Amino acid sequence: MRHFSVSRGLAISLACLAFAGSAAADSFPSQPIHIIVPYEAGGSTDQLARIIQQPVSEALGKPVIIENKPGAGGTIGIELVVRAKPDGYTLVFGNTGPNAIVDFMRKVPYDPVKDLQPISDVAIAPMILTVRSDLPVNSVKEFIDYAKQHGQSMNFGSVGNGSLSHLSGEYFNTMAGTHLLHIPYKGGAPVMTAFMSGDLQAAFVTGLDGATMLQTGKVKYIGVGSKKPTEVVPGVPPIAKDIPGFKSAAWFGVLGPKGLPKDVVDKLNKAVVSAVNKPEVRQKLLDRKVEPDPGTPEQLADLIKEDRAQWGPVVKQADIHM
């Protein structure tokens, strides 16, 4: 009888715990949700996060608060989320660099795969191969031939050492057999200045940076890093047309700390996906030269794995450190 009572008591306790967990998930969210942007206000990542802020809030029925926590290339803000309670009230609006590849270049206080729970991708920003307007090339194939003829007198600029624009150039060198010399700058504006002064022959840029450069008339697009033609830069062919398998794009998405209950992940995912799929939100994203790309947590996890498999070897071969 005593054994029966203990067993029955244990079963009741477990049932109560299960009910409590289910009730907690059912009541989520019951308070404001904080989304950390690990960069300064006003930058590309911050702009995209604020585009979905209100629609996600409306979908969840609770305020969504954006908090900018910049520093160390985005890793400080991400560490705050990694260490947060896994209840769904502290999330990060992350991107490719600190969420997928920075740990290949320097030590960071978290594991991008083990310590974060993907919720949904939001947008993809394909990198665009941009060259000086007076360069006598109008396609990726012509550019490769021209670069091989001119050897290391040819260069490419980036928005910083270890940035995706840097990695894209090194990846291009490997796949195309070119020897473009890397010249790092501190952001998109200095890259534009270098193009205008004639110091640069090429660069991989985002559509947002590239749009400003195009207005100067000093540059032209010859290829895009997406797998297929994109609305971001209509009429610009994929680089993969001339270099099969080439791809280069940054993603922006929402993640939380590992250990989030599945029901909470599902609710957050549904809210983000519904927000991004609103016609007015999609248009705002396209206006900022990124492709709307909402999906499942599993799809974002796969995207991170693909990035790590692609960029890890590039970092190692080019011996890139930050």
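This is a predicted model: local features need pLDDT of at least 70, side-chain atom pairs count only at pLDDT 80 or more; totals for chains, interfaces and linings use all residues.
Local features were considered at pLDDT of at least 70 and side-chain atom pairs at pLDDT 80 or more, whereas totals for chains, interfaces and linings use all residues. Residues are numbered from 1 along each chain as its sequence is written, and side-chain values use heavy atoms, with hydrogens and water left out.

The axes of helix α2 (residues 44-60) and helix α10 (residues 279-287) come within 10 Å and cross at roughly 175 degrees, which makes α2 roughly antiparallel to α10 (an angle over 145 degrees).

Seven aromatic pairs were counted, with rings of Phe, Tyr and Trp (its six-membered ring) paired if their centres lie within 6.5 Å, and with planes under 30 degrees apart classed as stacked, over 60 as edge-to-face and the rest as tilted. The pair of F172 and F204 is tilted, at 5.9 Å centre to centre and 55 degrees between the planes; because F172 lies in helix α6 (residues 164-176) and F204 in strand β8 (residues 202-205), the pair ties together parts that are 32 residues apart in sequence. F172, at 0% relative accessibility, counts as buried (under 20% relative accessible area, 1.4 Å probe, protein chains only), and F204 counts as buried at 2%. F172 also forms an edge-to-face pair with F246, at 6.2 Å centre to centre and 80 degrees between the planes. Ring pairs link F143, Y171, F172, F204, F246 and W311 into a cluster.

Notes. Axes are lines fitted to C-alpha atoms, for helices over the stretch in contact, and angles run from 0 to 180 degrees between N-to-C directions. Helices (H or I, at least four residues) and strands (E, at least two) are DSSP runs, numbered from the N terminus. Angles under 35 degrees count as roughly parallel, over 145 as roughly antiparallel, 65 to 115 as roughly perpendicular and the rest as oblique. Buried means under 20% relative accessible area, exposed over 50%, partly exposed in between (1.4 Å probe, protein chains only).
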